[in-house]
Amino acid sequence: MDSTIALILLQDGIVNGAIYALLGMALVLVFAVTRVIFIPQGEFVAFGALTLAMLVDGKMPGTVYLLPLLGGVVTLLELVRAARTGSWAGLPKVLLGCVALPLALLALTSAYVGPGTSLWLNMLLTLALVVPMGPMVYRIVYQPLAEATVLVLLIVSVALHFALMGLALVFFGAEGWRTPAFVSGQVDLGLGTWSAQSLFVVATCALLIVALWLFFGKTLYGRALRATAVNRRGARLVGISTSMSGSLTFTLAVAIGAMSGMLIAPITTVYYDTGFLIGLKGFVGAIIGGLASYPVAAAGSVLVGLLESYSSFWASAYKEVIVFTLIIPVLIWRSFGSHHVDDEE
């Protein structure tokens, strides 16, 4: 390996690591607030990439139909709850967010979709179609099990992963998709030449990480999520709704997943099941951070990206094995200083 190849692999590793860092931080966020190991994070990466690719190609994306389906299930659950408790106050908000919004997006997409549309408008429409699925999935799957053990929530996450992957196959098909680059050209950084698309991905990931830091440190909702992550029972006692915290957390996690999918769409061909492997590599980074530390999870995710990149050169057939084997020494090291605590503690 000469210096040129090493710099190319470094570029690939940093780009991949930036994506894994976003996903790893989203996984840490979801686990800290809701105790859910969000295995289906990768499915929303695929949803974001495939939705954008189909819009760019002038076709109706499957999320246009999946969103009203999920909204209908949420509305049915809320109707049952309201009939059981006699409280109908929140139903107009549910009808607006789970029925009116999906149908409006369906009509808007039907009128908008076609060849020659703007890539940036397609990105905004993709976010509008994918992000609302986060709170819907939380309401359907996780909110009824909010007090369950971590093991039960993990089993439910695995089941949800297979359900969403099956829905992705139904709504998107088995064909792989790719989008054009957001920016084109090459940038000379002195030590090597980087593609403008790679720099765009890294810069966007960095901006999103800074935005998350500002959100948690400077906003009321961000501080509410931090309080829920520190002590769920204490957060409830001071009036912070754990249902609101869970819904907001899943909204952020799905938004991060959709953004990550759109960023990788010009770099690699995305299939309906591509997101699972990408999400698992973000999970490795989150494990390095102990599912608790955002900076360590981000640094661990970059390490995963570099390890994957250089492993693909030295032992391409075993690069996945090498990446996932990294979990073993990390878990052994963490086990020396860990002690058993109850879920609520």
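The tour opens at helix 5 and helix 11, whose crossing is right-handed (a crossing is right-handed if the near helix is turned clockwise from the far one by less than a right angle, and left-handed if anticlockwise). The model is predicted, with local features requiring pLDDT of at least 70, side-chain atom pairs pLDDT 80 or more, and totals for chains, interfaces and linings using all residues. Residues are numbered from 1 along each chain as its sequence is written, and side-chain values use heavy atoms, without hydrogens and water.

**First stop: helix 5 and helix 11**

Select residues 119-130 and residues 242-264; the axes of these two helices come within 10 Å and cross at roughly 145°. Axes are lines fitted to C-alpha atoms, for helices over the stretch in contact, with angles from 0 to 180 degrees between N-to-C directions. Helices (H or I, at least four residues) and strands (E, at least two) are DSSP runs numbered from the N terminus. Next, display Met 123, Thr 126, Leu 127 and Val 130 of helix 5 together with Val 254, Ala 255, Ala 258, Met 259 and Met 262 of helix 11, which make the contact (heavy atoms within 4.5 Å). These residues divide into 8 nonpolar, 1 polar and no charged; Ala, Val, Leu, Ile, Met, Phe, Trp, Tyr, Cys and Pro count as nonpolar, Asp, Glu, Lys and Arg as charged, and the others, Gly among them, as polar.

Select residues 133-142. Helix 6 is largely enclosed by the rest of the structure, because 8 of its 10 residues are buried (under 20% relative accessible area, with exposed over 50% and partly exposed in between, for a 1.4 Å probe and protein chains only). Among the buried residues are Met 133, Arg 139 and Tyr 142. Centre on Tyr 142, which touches residues including Val 36, Phe 38, Leu 160 and Phe 250, when those up to four places away in sequence are not counted.

Tyr 142 also belongs to the largest nonpolar core, of 89 residues, where it is one of the five that touch the most other members, with Ile 19, Phe 38, Phe 44 and Phe 47. Helix 1 (residues 3-34) supplies the largest share of this core, 14 residues. Such a core is a set of buried Ala, Val, Leu, Ile, Met, Phe, Trp, Tyr and Cys residues joined through side-chain atoms within 4.5 Å.

Arg 35 lies in the loop between helix 1 and helix 2 (41-56). Is Arg 35 buried or exposed? Arg 35 counts as buried because its relative accessibility is 8%. A polar atom of its side chain lies 2.6 Å from the backbone oxygen of Ala 146.

Technical notes: A polar contact is a pair of N or O atoms within 3.5 Å; within protein, one must be able to donate a hydrogen and the other to accept it, and residues adjacent in sequence count only if both atoms are side-chain atoms.
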